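I opened this entry to keep track of what I looked up, in the order in which I looked it up. The sequence and the structure come first, and my notes follow.

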Amino acid sequence: MSKPNSFSDRTKSFFAEIGDMTFFAGRFFRELFSAPFEFKELIRQCYNMGIRSLFLVTVTGFILGLVFTLQSRPTLMDLGAESWMPSMISISIVREIGPVIIALICAGRIGSGIGAELGSMRVTEQIDAMEVSGTNPFKYLVVTRILAVTLMLPLLVIAGDTIALIGSAIVENLKGDVSYTLYFNKVFDALSFSDVLPATVKTVFFGFAIGLVGTYKGYNCAKGTVGVGEASNSAVVYTSMLLFIIDFIAVFVSDIFFEL
Amino acid sequence: MNKENRKPVLELKDLQKSFGNNHVLKGFNLQLYEGENLVIMGKSGSGKSVMVKCIVGLIQPDSGSITIRDQNIITMGQKELDFLRTEIGFLFQGSALYDSMTVRENLEFPLRRHKDKVENFQGTEESVKAALESVGLLHAIDLMPAELSGGMQRRVALARALILKPKIIMYDEPTTGLDPITANEIIQLMRSIQKEYNTSSLIITHDVDCARVISNRIILLVDGINYAEGTYEELSNSSDPQTRAFFKN
């Protein structure tokens, strides 16, 4: 198939891809609830995507908390509002910055990984080989991966947020003589159910988006090494865009239910 | 061979497949009989691989029928097709070994779902070892595919194709990309496997030596149709120059 050139061709192709991806998501839900279940592969993918991303997420979270606190401190000091620091940092990190930054990091690490892995399996006929051997490759490769990211991302975000708050507490302790106990007391006073629940629920959707786009791009990869590169690259680009759209919708919906 | 008295294990009738304006198969017909080695020859891009992928359900043909052991695979549901696929072994052109798994895991993979369909199943470990032994690679059981040479990868892929003890084996360019000595080893292996497992084989190739050694019958696929059919001797001595051209080394 030749590449679309004109604006109308590209628009058509874009909407066709959205339609394909919707069917792909529909197939995921159909296959998710039908036997056989690939539990062993699901556990393996949870380990690959969860545990193996933990180091990256904790380092990013720690630096995020550290830098965010260092950058915000002077402004709050000018306003004489240093005591608001734990509340401001915790609400910002838990509600918005933590989930979005960690999801973007995971889109880079996990989304591109899935796109490249499935893409190269498609190109080297490994997916065809699974199908010919009477195994459902969609269930084995796609369902397990989407489910693993959907389950793991909320946990990674919780871990990342916690480490970010520890980073922030360290800065406050060193620069503002705020004890760790006081800092975390203020954090827990500031955070409420309406901050934590919507933020956690949206990470489930973030995880689903990362898994869905990565697997869709890899599974439907065009032939050749260029196709694998494109699958990996476009998985990250599409997912990043989708994450912001989901974030916007999540904030909008949260505002309706929790009056943010 | 007296074909009239036997039922084909695989039959294609008037198979047609196009990709846009590219009409690859234009009414291709084929019968594969039990215990037979049928070779399909044709130029690159003539639709040999498309035809064989239609047979295993990887590509949906536009029209025509594909019957395997009296079952039409085109009208089959996914579960029935998966069941039927356990009776077909497929050797891919590039081996298609799962590169994130060891040789052992590659061979265990088809058994995960279908061990109950294997006749006289002796257990996963024993089946894996028996299949690897029949291709002479038992020592490579714990290696990764990347640690194997091209010829060894082809042999492991063949062992994987045999693990469910299929009735029919399809080889897509089994000797392509291999040096002549390794290619000859693969051909001899295909012959010994045919005897050991009593399979019917459909071999897609343009390797004349492979066709000469292994074929009971050859079909030439030209312009999407059966251009010529016969034994190696008949076709290589044909009066038609285009047919003879396939057999010049």
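**Strand pairing in chain B**

I began with B:K17 and found that its bridge partner in strand 2 of chain B is B:L25. I note here that I am working from a predicted model.

I then looked up the two strands as a whole: strand 1 of chain B, residues 8-19, and strand 2 of chain B, residues 22-33, are paired in the antiparallel sense, and nine bridges make up the pairing. Two residues lie between these strands in the hairpin, where I noted that B:G20 takes a positive phi near 65 degrees.

Next I asked myself which strand is joined to strand 1 of chain B by five bridges. I found strand 4 of chain B, residues 63-68, which runs antiparallel to strand 1 of chain B. For a residue to look at in this pairing I took B:L12, whose bridge partner in strand 4 of chain B is B:I66.

**Chain A**

I recorded a span of about 65 × 45 × 35 Å for the C-alpha trace of chain A along its principal axes. Of the 260 residues in chain A, 41% are buried. I also looked at the contacts in chain A between residues at least 6 apart in sequence, and of these 86% join residues at least 24 apart.

I then picked out one helix pair, helix 3 of chain A (residues 85-123) and helix 5 of chain A (residues 137-176), which pack at an angle of about 145 degrees with their axes 8 Å apart. The crossing of helix 3 of chain A with helix 5 of chain A is right-handed, and the residues of their contact divide into 19 nonpolar, four polar and three charged.

**Core and interface**

The largest nonpolar core holds 124 residues, and I listed those that touch the most other members: A:A103, A:L153, A:I210, B:L91, B:A159, B:M170 and B:L202. I followed up A:A103 and, leaving aside its neighbours within four places in sequence, found it in contact with A:L153, A:T203, A:F206, A:I210 and A:L243.

Last, I asked how many residues of chain A are in contact with chain B. The answer I wrote down is 11 residues of chain A, in contact with 15 residues of chain B.

Definitions and conventions:
Residues numbered from 1 in each chain as written. Chains lettered and ligands numbered in written order. Predicted model: local features only at pLDDT ≥ 70, side-chain atom pairs only at ≥ 80, totals over all residues. Axes fitted to C-alpha atoms, helices over the stretch in contact; angles between N-to-C directions. Helix = DSSP H or I, 4+ residues; strand = E, 2+ residues; numbered from the N terminus. Left-handed = near helix turned anticlockwise from the far one by under 90°. Nonpolar A, V, L, I, M, F, W, Y, C, P; charged D, E, K, R; others polar. Contact = placed C-beta atoms within 7 Å. Buried ≥ 20, exposed ≤ 12 C-beta atoms within 10 Å, placed from the backbone. Core = buried A, V, L, I, M, F, W, Y, C linked by C-beta atoms within 7 Å. Pairing = 2+ DSSP bridges.
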